[in-house]
Amino acid sequence: MDYSRISSKVLYDVNVSVKGRLLMLFLIGICEEKEIDSVDISIEILSKALKYSNKTMIKAIKELEEKGYIEKIRRGQGKNNLYKIIWG
């Protein structure tokens, strides 16, 4: 996977908020470290890691979904969503 291509793309996308960019780079970092293309993580953990509220993280996720950078996969009640990086 070409992590540098997608990270550069989102980093310079002026239509994505700084919070959205930071979240995307965080998710890419996890994918890169674990050599995976999707992340199983809770909103609470994202909020703590990035020092933003749950509400802010939910908005950033929605923004990245709308821009086509990630796909949120709902996995049912009581389970974390899966956030898949869109590489195309």
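Guide: Two strands are said to pair if DSSP finds at least two bridges between them. The model is a predicted one, and in it Ile 73 stands opposite Leu 82 of β3. The strands β2 and β3 run antiparallel and are joined by four bridges. They belong to an open sheet of three strands, arranged in the order β1-β3-β2 with antiparallel pairing. At the edges lie β1 (38-40) and β2 (70-73), each of which pairs on one side only. From one strand to the next, the twist averages 20°.

Two helices are to be considered next. The helix α2 packs on the sheet and touches β1, β2 and β3, its direction making about 90° with that of β3. The helix α4 lies across β2 and β3 and runs at about 120° to β2.

The account now turns to the nonpolar residues. The largest nonpolar core has 22 residues, of which Leu 23, Met 24, Leu 27, Leu 64, Ile 70 and Ile 85 touch the most other members. Two or more residues of this core are given by each of α2 (18-34), α3 (43-50), α4 (54-66) and β3 (82-85). The helix α2 supplies the largest share, six residues.

Apart from neighbours within four places in sequence, Leu 27 is in contact with Val 39, Leu 46, Ile 70, Tyr 83 and Ile 85. Among these partners, Ile 70 and Ile 85 are, like Leu 27, listed with the core residues that touch the most other members.

Terms used:
Residues numbered from 1 in each chain as written. Predicted model: local features only at pLDDT ≥ 70, side-chain atom pairs only at ≥ 80, totals over all residues. Heavy atoms only, no water. Core = buried A, V, L, I, M, F, W, Y, C linked by side-chain atoms within 4.5 Å. Buried < 20%, exposed > 50% of the residue type's maximum accessible area, 1.4 Å probe, protein only. Contact = heavy atoms within 4.5 Å. Axes fitted to C-alpha atoms, helices over the stretch in contact; angles between N-to-C directions.
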